[in-house]
There are 2 protein chains.
Amino acid sequence: MSTLRYALLCTLHAGPLTGYEIVQRMRRPIGYYWTAQQSQIYPELARMTEDGLIDHDAAAGPGPHDRKTHRLTEAGRTELARWLTEPPQRRPPKDELVLKTYALAAADRDGMRALYRGEARKHQAQLDDYLAQQADAEARGDDDPAGPRFGAYATLRMGIAAERTMVDWCDWLVSQLGR
Amino acid sequence: MSTLRYALLCTLHAGPLTGYEIVQRMRRPIGYYWTAQQSQIYPELARMTEDGLIDHDAAAGPGPHDRKTHRLTEAGRTELARWLTEPPQRRPPKDELVLKTYALAAADRDGMRALYRGEARKHQAQLDDYLAQQADAEARGDDDPAGPRFGAYATLRMGIAAERTMVDWCDWLVSQLGR
DNA sequence: CGATACATGTAAAGTGTTACATGATTTA
DNA sequence: TAAATCATGTAACACTTTACATGTATCG
């Protein structure tokens with residue numbers, strides 16, 4: 001079972017969705033910590049249906065294909081619950097900005113300073129977006145650990161903490177590289 | 001030009017290395033923010049040599065192949081310097097633990113609490129390792145922004161900040177899921 | 001004498017991205 | 001009427017992982 005499969009099971013955990021809606025979730029909010037392309041999602045949904053993890057209602061769609069609303073089967077729900085409490089397998093972190101930093105000495109100093117200033121700005125913008133989402137979530141009561149949307153709220157908290165860390169680190173580098 | 005190529009250029013920025021030594025660096029310290037398998041590295045080094053980004057001295061090796069010590073060419077160094085100050089392309093973050101968190105409501109509550117407790121412990125261990133490395137680095141004077149090893153030191157700082165963020169987030173989740 | 005480190009490579013399978021293809025309905 | 005949204009799919013290519021393959025030198 002690939003992680004993509006589990007990501008799709010996660011996407012469907014709170015209720016049925018069409019493939020198209022799953023693609024949307026893979027941008028926001030799930031795209032903040034997992035992504036998959038449309039061209040990966042549709043064939044995988046078909047294979048998961050074959051394997052009995054999900055099933056769907058089909059209805060005439062706008063284009064040449066049926067519109068399918070997918071939902072977890074009992075088998076899918078069981079498999080998801082089993083996987084969730086398993087320790088995640090450490091996958092290679094790949095961060096281009098940190099990679100660039102390792103070879104910092106081989107670059108133009110002022111150019112690198114400008115780079116970190118720009119990245120600090122981008123991460124600050126993302127942080128502001130998350131902060132606004134957090135305020136909305138708390139207004140809805142999503143921060144209740146017993147509520148059904150606490151999981152999404154907790155991921156937001158991680159996003160906020162990670163962006164703050166990036167902003168601080170970039171700012172520190174700007175100050176270190178300053179004259 | 002794939003990012004793998006730039007990662008290899010970064011690895012060689014401070015001096016010549018054999019393929020085998022590059023593989024070691026891809027575990028520690030570069031592996032903390034970038035990885036590649038041996039089977040990816042050797043063919044890519046060959047292609048980069050063909051393209052004039054690197055060259056090497058060859059000497060009889062222990063096995064059936066020559067031992068090659070790779071170094072950047074002038075063209076490679078120029079290309080690296082150009083790339084370094086370019087804004088990194090945002091690649092999809094993929095974090096299995098955060099993905100699991102999104103679907104937290106579909107799992108056993110105590111099981112999830114145990115998961116976050118275990119992950120907090122693992123990240124704390126990694127943090128302690130980084131902290132020890134930081135002390136060594138500072139004793140060597142690597143924290144001098146004008147020194148040649150400041151880049152590696154700065155990546156360590158990011159690692160420390162990121163691990164601390166993870167530990168805090170896991171601890172927060174344990175407390176939220178507690179009775 | 002068995003395991004580990006040194007040292008380089010190839011083959012096959014799996015995963016992910018980009019591009020293509022169709023076509024109705026709604027919005028500017 | 002042009003663009004965006006809804007909706008599903010395939011093909012080709014690129015990238016990554018796992019496994020295989022060879023062989024010396026050193027350490028316990």
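This is a predicted model: local features need pLDDT of at least 70, side-chain atom pairs count only at pLDDT 80 or more; totals for chains, interfaces and linings use all residues.
Chain A is split into two domains. Domain 1 covers residues 3-84, and domain 2 covers residues 96-177. Taken over C-alpha atoms, the centres of domain 1 and domain 2 of chain A lie 29 Å apart.

The sheet of chain A is described next. It is an open sheet of 3 strands, in the order S1-S3-S2, with antiparallel pairing. Strand S1 (17-18) and strand S2 (54-60) of chain A stand at the edges. Each has a single partner strand, so one side of each lacks a neighbour in the sheet. S2(A) and strand S3 (residues 66-72) of chain A run antiparallel and are joined by 7 bridges. A:Ala58 has A:Lys68 in S3(A) as its bridge partner. A:Asp55 stands opposite A:Arg71 in S3(A). The link from S2(A) to S3(A) is a hairpin of 5 residues. In a regular strand, side chains alternate between the two faces of the sheet.

In chain B, 3 strands form an open sheet in the order S1-S3-S2, and the pairing is antiparallel. Its edge strands are S1 (17-18) and S2 of chain B, each of which pairs on one side only. Strand S2 (residues 54-60) and strand S3 (residues 66-72) of chain B pair in the antiparallel sense over 7 bridges. B:Ala58 has B:Lys68 in S3(B) as its bridge partner. B:Ala59 stands opposite B:Arg67 in S3(B). A hairpin connects S2(B) to S3(B) through 5 residues. A helix also covers part of this sheet. Helix H3 (residues 38-50) of chain B lies across S2 and S3 of chain B. H3(B) runs at about 120 degrees to S2(B).

In chain A, H3 takes part in a helix-helix contact. The axes of helix H1 (residues 3-11) and helix H3 (residues 38-50) of chain A come within 10 Å. They cross at roughly 85 degrees. H1(A) is therefore roughly perpendicular to H3(A). The contact between H1(A) and H3(A) comprises 6 nonpolar, 1 polar and 3 charged residues. On the H1(A) side, the residues are A:Leu4, A:Arg5, A:Leu8 and A:Leu9. They meet A:Gln40, A:Ile41, A:Glu44, A:Leu45, A:Arg47 and A:Met48 in H3(A).

Helices H6 and H7 also pack together in chain A. The axes of helix H6 (residues 109-139) and helix H7 (residues 150-177) of chain A come within 8 Å and cross at roughly 155 degrees. Angles over 145 degrees count as roughly antiparallel, so H6(A) is roughly antiparallel to H7(A). The crossing of H6(A) and H7(A) is left-handed. Residues in the contact of H6(A) with H7(A) divide into 17 nonpolar, 7 polar and 9 charged.

The corresponding helices of chain B were also examined. Helix H6 (residues 109-139) and helix H7 (residues 150-177) of chain B pack at an angle of about 155 degrees. Their axes are 8 Å apart. H6(B) is therefore roughly antiparallel to H7(B). H6(B) passes H7(B) in a left-handed crossing. By class, the contact of H6(B) with H7(B) has 17 nonpolar, 7 polar and 9 charged residues.

Cis peptide bonds complete the description. Most peptide bonds are trans. In chain A, the peptide bond from A:Arg28 to A:Pro29 is cis, with omega near 5 degrees. A:Pro29 lies in the loop between helix H2 (19-25) and H3 of chain A. In chain B, a cis peptide bond joins B:Arg28 and B:Pro29, with omega about 10 degrees. B:Pro29 is found in the loop between helix H2 (19-25) and H3 of chain B.

Definitions and conventions:
Residues are numbered from 1 along each chain as its sequence is written. Chains are lettered from A and ligands numbered from 1 in the order in which they are written. Side-chain values use heavy atoms; hydrogens and water are left out. Domain bounds come from an automatic or database domain assignment. Axes are lines fitted to C-alpha atoms, for helices over the stretch in contact, and angles run from 0 to 180 degrees between N-to-C directions. Helices (H or I, at least four residues) and strands (E, at least two) are DSSP runs, numbered from the N terminus. Angles under 35 degrees count as roughly parallel, over 145 as roughly antiparallel, 65 to 115 as roughly perpendicular and the rest as oblique. A crossing is left-handed if the near helix is turned anticlockwise from the far one by less than a right angle, and right-handed if clockwise. Ala, Val, Leu, Ile, Met, Phe, Trp, Tyr, Cys and Pro count as nonpolar, Asp, Glu, Lys and Arg as charged, and the others, Gly among them, as polar. Two strands pair if DSSP finds at least two bridges between them. Contact means heavy atoms within 4.5 Å.
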